[in-house]
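Look at the model below before reading on.

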Amino acid sequence: MASDWQDEEGLPEKRPAHRARRQAERRAQIIRRRVVAAGSLVVVAVAIVIVINSAGAGDDSGNAPSHAAQVKAAARKAAAEAKAESEPTEVRNSTPQADWKPHLGPVPILEYHDLGSPPAEAPYPELFVGRTDFAKQMDWLDEHGYQAVTLEQVQEAWYHGGTLPPKPIVLSFDDGYRPQFTFALPTLRKHGWAGVLNLRAEGSELYESNVKAMIAAGWELAAHTIHHLNLTERDPEELEEEVAGSRKILQREFKVPVDNFCYPDGQFDETVIEAVEAAGYIGATTEISGFAEKGKPYELARLEILRESHVAGLAADLKNGEGETTEGAG
C-alpha cells in the first residue's frame, strides 16, 4: 500500500508546510521551556540548600557512603538534571549551516541503546556502551570531520533539495533509556549536534520533561512502537495499533510531527512496511548493517555500536560501511 505522501518517482514527500510548522513549534517550545526552567531551578536550589544543611558532613573514611552522603549525591544529580532541562536553545546543527551542500548519497546512521555499565541481571549486556567510550567516539567523529544531523534533515536533502554538512552522520538512540538524556544529550550538545530518539510510546525510562528537553535542543523524535513487539507476528489490528498508534501517542504528547519509525529488534516484512507507509511515516530504520540510502526509505540501514566496539570498532564500521554502500552510488 503506497503512502499518501509520495512524489512521482514513488519516494516519500513531506507535507508542504512541514518545515515552517516544525520551526514554529520549536520556537513555542523554547519559550515554554524557558518559563518552566526558571521556576525549576529555583525549586532545585532551595531543595539543595535544605539537603546540605540537614545532611551533615558525610563520611570521608573510605567506607560505604553514609545516608547523608547519599542524600547529597542525590541532590547533586537532581541539580544536574534540572540544569539539562533548563537548556532549551537548539544546538548548532539543528538548522542548516552556511557551508552545507546538497547531498544525495548514502549517510551512516549509528545505533545506540543504553550508556554505562550493564547491571548483573542485564539480558543483553553487549548493548551497554561505556560512557567514557561514548564520549571518545563522539570526539573521534568530530576530529575526523563528521557532523551529526537528524534523519529528517537527511530526508530533506535526499528528497527536497536540502543541504547537509560535508560528512553527515545520524546518531540514533533506541527505546528511551535514562542515560540518553543525562549523558548523551549534554555530550552531543558539546559538539553542537542533535540526535534521533527512537522512543517507545509506553514503558521507557525517560520522563516527559526529559523528552521535551531533548526536542527543545533540536533532537528528532521517532516512533518505536508502543510495546516493543515483533511486528511480523502481529495480526492486522495489533500491527496498526503498534505502528500508527505509537505515532499518534507521541504526536499528542510532544506536539511534533514524528515522521520516522524504528522497527523493534529490526524485525519487519512487506506487510509491516505497508503498515508503516499507511501510518504516514516517510522512513524507517532497521538493523541491516551498512549506510542508509535514498532509494530504500523504509529499509534504512544502521551501524550498531556495541559495548566492545570502542573507537576502533566505530572507525572500522564507518570504513567498511562506506566501502559497501557508496560503490557505484549516484
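The sections below cover the basis of the model, then each of these topics.

## Basis

This is a predicted model, in which local features need pLDDT of at least 70 and side-chain atom pairs count only at pLDDT 80 or more, while totals for chains, interfaces and linings use all residues. Residues are numbered from 1 along each chain as its sequence is written, and side-chain values use heavy atoms, with hydrogens and water left out.

## The cavity

The structure holds 1 cavity of 30 Å³ or more. A cavity is a set of points on a 1 Å grid over the protein atoms alone where a 1.4 Å probe fits but cannot get out; lining residues have an atom within 4 Å of a point. The volume of the largest cavity is about 50 Å³, where volume is the space filled by probe spheres set on the points.

Residues that line the largest cavity include Ile109, Ser172, Asn198, Cys262 and Thr285. Strand β10 (260-262) gives the most to this lining, with 3 residues. Strands are DSSP runs of E with at least two residues, and helices are runs of H or I with at least four.

## Arginine 302

Arginine 302 is in strand β12 (residues 300-304). Its relative accessible area is 1%, so it is buried (under 20% relative accessible area, 1.4 Å probe, protein chains only). A polar atom of its side chain lies 2.8 Å from the backbone oxygen of threonine 286.

## Helix α4

In helix α4 (residues 151-160), 9 of the 10 residues are buried, among them Leu151 and Trp158. Just after α4, glycine 161 has a positive phi of about 75 degrees.

Notes. Buried means under 20% relative accessible area, exposed over 50%, partly exposed in between (1.4 Å probe, protein chains only). A polar contact is a pair of N or O atoms within 3.5 Å; within protein, one must be able to donate a hydrogen and the other to accept it, and residues adjacent in sequence count only if both atoms are side-chain atoms. On a 1 Å grid over the protein atoms alone, a cavity is a set of points where a 1.4 Å probe fits but cannot get out, and a pocket is an open set with protein on both sides within 12 Å along at least five of seven lines; lining residues have an atom within 4 Å of a point.
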